[in-house]
Amino acid sequence: GLPPFSDPHVTWHIGLFNDTIPEFAARGAAANITFAHMDADLYSSTICALNFSKKVIDGIQKRINKNE
């Protein structure tokens, strides 16, 4: 599907979590996340999103601690 709107400050990654998250994480893009919305209905998708979220949260925590 197409994104519901266009905004220069928003990057859309449309697809299955198992397909899009590993590629996204491999590029190091997670270091620049300010906000993430993940809509998951299945257990397998939810686990994939939560495992990724932990890595993002850990990265944010490191940046905060570095700036203190």
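Where is the place of Thr20? Select Thr20 and you are in helix 1; the tour returns to this residue below.

**Before you start**

This is a predicted model, in which local features need pLDDT of at least 70 and side-chain atom pairs count only at pLDDT 80 or more, while totals for chains, interfaces and linings use all residues. Residues are numbered from 1 along each chain as its sequence is written, and side-chain values use heavy atoms, with hydrogens and water left out.

**The whole chain**

Helices (H or I, at least four residues) and strands (E, at least two) are DSSP runs, numbered from the N terminus. Along the principal axes, the C-alpha atoms fill a box of roughly 40 × 30 × 20 Å.

Switch to a surface view. The protein chain exposes about 5,800 Å², and carbon and sulfur atoms supply 58% of that area. Accessible areas come from the Shrake-Rupley method with a 1.4 Å probe; for residues, only the protein chains shown count as cover. Of the 68 residues, 18% count as buried. Buried means under 20% relative accessible area, exposed means over 50%, and partly exposed lies in between (1.4 Å probe, protein chains only).

**The two helices**

Select residues 17–26 for helix 1 and residues 43–67 for helix 2. They pack at an angle of about 15°, with their axes 10 Å apart. Helix 1 is therefore roughly parallel to helix 2. Angles under 35 degrees count as roughly parallel, over 145 as roughly antiparallel, 65 to 115 as roughly perpendicular and the rest as oblique. The axes are lines fitted to C-alpha atoms, for helices over the stretch in contact, and angles run from 0 to 180 degrees between N-to-C directions.

Now show the side chains where the helices meet. From helix 1 come Phe17, Asn18, Ile21, Phe24 and Ala25, and from helix 2 come Ser45, Cys48, Ala49 and Phe52. By class, this contact of helix 1 with helix 2 has seven nonpolar, two polar and no charged residues. Ala, Val, Leu, Ile, Met, Phe, Trp, Tyr, Cys and Pro count as nonpolar, Asp, Glu, Lys and Arg as charged, and the others, Gly among them, as polar.

Start with Val10, in the segment before helix 1. Val10 is partly exposed, with a relative accessible area of 31%.

Go back to Thr20. Is this residue buried or exposed? Thr20 is buried, at a relative accessible area of 15%. Leaving aside residues up to four places away in sequence, Thr20 touches Ile14 and Gly15; contact means heavy atoms within 4.5 Å.

Move to Ala40, in the loop between helix 1 and helix 2. Ala40 counts as partly exposed, at 27% relative accessibility. With residues up to four places away in sequence not counted, Ala40 touches Phe17, Ser45 and Thr46.

End at Ile57, which is found in helix 2. At 53% relative accessibility, Ile57 counts as exposed. Select Ile33 as well: Ile57 and Ile33 are 24 residues apart in sequence and 9.5 Å apart in space, C-alpha to C-alpha.
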